[in-house]
Amino acid sequence: MSTFADTTFTAPEQIRNFCIIAHIDHGKSTLADRMLQITGVVQARDMRAQYLDRMDIERERGITIKAQNVRLPWTLDGAQHVLHMIDTPGHVDFTYEVSRALDACEGAILLVDAAQGIEAQTLANLYMALDRDLHIIPVLNKIDLPAADPEKYAAEIAHILGGEPEDVLRVSAKTGMGVSELLDEVVRQVPPPVGVADAPARAMIFDSVYDTYRGVVTYIRVVDGKITPRERIRMMSTGAVHELLEVGIISPEPKPSQGLGVGEVGYLITGVKDVRQSRVGDTVTSERKGATEALSGYREPQPMVYSGLYPVDGSDYPDLREALDKLQLNDAALTYEPETSAALGFGFRCGFLGLLHLEITRDRLEREFGLDLISTAPNVVYRVVLDDRGELTVTNPSDWPEGKVAEIFEPVTKCTIIAPSEYIGTIMELCQGKRGQLGGMDYLSEDRVELRYTMPLGEIIFDFFDSLKSRTRGYASLDYEESGEQASDLVKVDILLQGEPVDAFSAIVHKDAAYGYGTRMATRLRELIPRQQFEVPIQAAIGSRIIARETIRAMRKDVLAKCYGGDITRKRKLLEKQKEGKKRMKMVGRVEVPQEAFVAALSTDEPTGKDKKK
Amino acid sequence: MPGSALSGLGQRPFGVYVHVPFCATRCGYCDFNTYTPGELGSSASPASWLDGLRAELDLAAAVLGSAPPADTVFVGGGTPSLLGADGLTSVLDAVRGAFGLAPGAEVTTESNPESTSPEFFAGIRAAGYTRVSLGMQSAAPHVLAVLDRVHTPGRPGAAAREARTAGFEHVNLDLIYGTPGETDDDLRASLAAVLEAGVDHVSAYSLIVEDGTALARRVRRGELPMTDDLVLADRYEIIDATLRAHGMHWYEVSNWASTVDARCRHNLGYWLGGDWWGAGPGAHSHVGGVRWWNVKHPAAYAKALAEGRSPAAARELLSPEDHALERVLLEIRLVDGLPVSALDPSALPEARAAVADGLLDAGALDAGRCVLTDRGRLLADAVVRRLT
Ligand SMILES: Nc1nc2c(ncn2[C@@H]2O[C@H](COP(=O)(O)OP(=O)(O)OP(=O)(O)O)[C@@H](O)[C@H]2O)c(=O)[nH]1
Ligand SMILES: C[S@@+](CC[C@H](N)C(=O)[O-])C[C@H]1O[C@@H](n2cnc3c(N)ncnc32)[C@H](O)[C@@H]1O
Ligand code: SF4
Ligand SMILES: [Mg+2]
């Protein structure tokens, strides 16, 4: 549908740029849906839930991974306005998406689920917005829910933000109640963008996406001057000059336009094929009479978690490489380099923003590219100072230096946990076990607290979140951000099968946790690895010191003993299936280890579904 | 039926299998093609089944042309004894009518202990049956309960004695071992009951938890523990040692007999690549490298035959590779093993390695045969995988 907002070069005073930020699942994308509908850019018949969650994986998991911007028309008191709204993800792994979205806005809707209250990412995102001096509009969502307690949570919000509980707007993104009033408030409260219209063009790249059909699509917000399709542009970091094939807006599908003026948000297509040539954080200017000073850029997202990805079938290695190349086009945060594992063969050591990012990437590789993958236990980045003062960055336990280590540094995080106060004791106990140091504690309301800890990242990515959730019956939320490093007493624990170390199972852990890791892995593997025709010892070791031991007893029975009468076909098929199963085994020395054993042993959940006990 | 399949017919032993798809109740572990009256409703009955069977046997005789007389007949189930002596007499008459019986033919029927009696055995003996196979499973009441068996612990032994009194020289008892809750001593007591019954044949199967059975659901829900493989291996060794001590020797991994004559010739036909026609719902047949099987449901079976159509559901022509694999898979399980010539030459080093690992008998291999050792019997599938 076409509206007045389809015409660009709107006067800045008529423009409002804002994003919706919240904790995961508090209803950002659903609120965005209502805005698309109420402003008329999406017709009822074209509507689908979480319209802006365009990726398959987003739709399947019901979460937003990529921020999405849309240009909306809104008329208040007879004046036509253009709103650039950005829906952001809520999960901690995608915080950098939020931070980029915030940089393109003057205001933010802080959305809070009226049945849950403020959660850890609510605060994290709020503080990011405040850091950038954005105007915050606090809004309670889901007031249609019977469990909603808007009074209580409005008070929580007022307590955090200052202001009065009555100032907190109340909406239901599901029913649409309160949404048009909210849009009115956006126009009233969010300051219009400021920029110099006749200055040389400067536009900030806040996203850059590879599209199979159109090549790289670059999302920009114009700060000064204007960008028009007739002019060539220059990337200020590299000086590279590109032809402009198209300039447009998203509303909610891409629409080509005459160009973009001060404060406007839209996209460019230049024909480049690699997102690295159109880097997020770079400044775009016009080739002729361009700007000389770039806008301040973004900090590139740094991988926090590393894991090895290996094809189950070694011959898929080239396909895995190609798939990673493709994924990286759209995911600047994903890094990878080839590595070899004695147990798993050829693969890649990949860097991720967090465990969800890892999981999603793996999932996409498997489904979109038809690969079958094994991922090794995730680890963080260690800085190892050697006795000779040499230094080593370790992203893979296999690269851990033997001996001659003077000091080891591990990344630490500041984390925020929000939970009902009845769980304080439990949480403190858990955090202590994870080497956490309590930094402070605040009551958000009578019965809800915020706990602040400093904790090694390595502990968080292990199984911290799962333990936290299960010990608080799902009520606790967690947010964390990097916060430097600390010297720690870390060791590498190796797992040996029949005396052979299996590199894929090695882990770097705090020395006090080594025994726990060793016994847990040894027991797990004993459960997961089927009996062989000989006895197989499983050992956990630090260097040459054995810290745990288990034994897989020799198999004595491997024969089908049932009367199948004349159904020989069934017998043959069973055997063929057994043989197929053997092919999927990885050999570690003489020991046949099923793929599933690697997968299950390396997953953070307890192995389940085993019917074998010794 | 391709002509090539028929070419050797009559040179190999020829058997007839008849499948009786009826049971009074369904045992929780059983995934055989069998139906209770409640499951069938009015869609099929023993009477419609018998009509179908007669039609199929006539069809068989026509398809096979000058069919040889049957060397072996095996009526299995399901519960053939539910048909009663008269029903089983009609079945055997139908087989005789279609193919005739070779002199000295072995004619077996399976029977459930609870649906047999001295009169029943006398009746089928008179009809021409020569062998009876009884589903005993266990002598322990709590094991029978887990297996949903409805007979009393003493009934199978008594039935076996009744059969012998009625003139049956060859009587088999089926055992299941490794049922959750069974102890070594329970198994020893079952073996004592078998020996006391004086039968000349025993089949012992480790309980298999088949997908889709009530047993599988109970195991999945954690109501019943699965028996560990090491325990199953111990139990097998108890069975083998006990039977051997009483003069019964293994001739197939799960089968023991007191003399060569007591071995089940019909089953040997399956294992040695013989020809047989399997009649009845879901029955499998093999003639000269072609395998086929019938539709499973008795109603579909009866309908096909009533309309003059073949009840076959599907068939497969064995490729030379399938055939070679099947030979290894089946013959290795026999006491005489498999001739080395039946192996792919590339498997010879593996055969030697299996000797070194104590799975194949060294002397037998030197003499040109792959024969499982005692340990090898329990690891037969692993041996087959290595040799194929
Ligand atoms: N009852 C009710 N449910 C709502 C409302 N708004 C959202 N939901 C539901 O809350 C769930 C999460 O909604 P989303 O819009 O995907 O939440 P989100 O904040 O975008 O989630 P992420 O992008 O993953 O952070 C969905 O099941 C929605 O249907 C509301 O106002 N009322
Ligand atoms: C064709 S069956 C049926 C015979 C007869 N209806 C009876 O149950 O006595 C022959 C034998 O297979 C064995 N059997 C059936 N199901 C089994 C299973 N799931 N695991 C092991 N043996 C099984 C039993 O010993 C049974 O007696
Ligand atoms: S009686 Fe025999 S065939 Fe019938 S259900 Fe039980 S085991 Fe199966
Ligand atoms: Mg969302």
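## Close-up views of a predicted model

**View 1. A bridge between β5(A) and β6(A).** Let's start with A:Val139, whose bridge partner in β6(A) is A:Leu169. Strand β6 (residues 169–170) of chain A runs parallel to β5(A), the two pairing over two bridges; strands pair if DSSP finds at least two bridges between them. Strands (E, at least two residues) and helices (H or I, at least four) are DSSP runs numbered from the N terminus. This is a predicted model, where local features need pLDDT of at least 70, side-chain atom pairs count only at pLDDT 80 or more, and totals for chains, interfaces and linings use all residues. Residues are numbered from 1 along each chain as its sequence is written, while chains are lettered from A and ligands numbered from 1 in the order in which they are written.

**View 2. Strand β5 and its other partner, β4(A).** Of the seven residues in β5 (residues 135–141) of chain A, five are buried, meaning that 20 or more other C-beta atoms, placed from the backbone, lie within 10 Å of their own. Strand β4 (residues 107–113) of chain A pairs with β5(A) in the parallel sense over seven bridges. Here A:Ala108 stands opposite A:Ile136 of β5(A).

**View 3. The surroundings of ligand 3.** Around ligand 3 you will find residues including B:Cys23, B:Arg26, B:Phe32 and B:Asn112, each with its C-beta atom, placed from the backbone, within 6 Å of the ligand.

**View 4. Confidence along chain A.** The average pLDDT of chain A is 90, and 98% of the residues score at least 70; pLDDT is the predictor's confidence in each residue, from 0 to 100.

Terms used:
A residue is buried if 20 or more other C-beta atoms lie within 10 Å of its own, exposed if 12 or fewer, and partly exposed in between; C-beta atoms are placed from the backbone.
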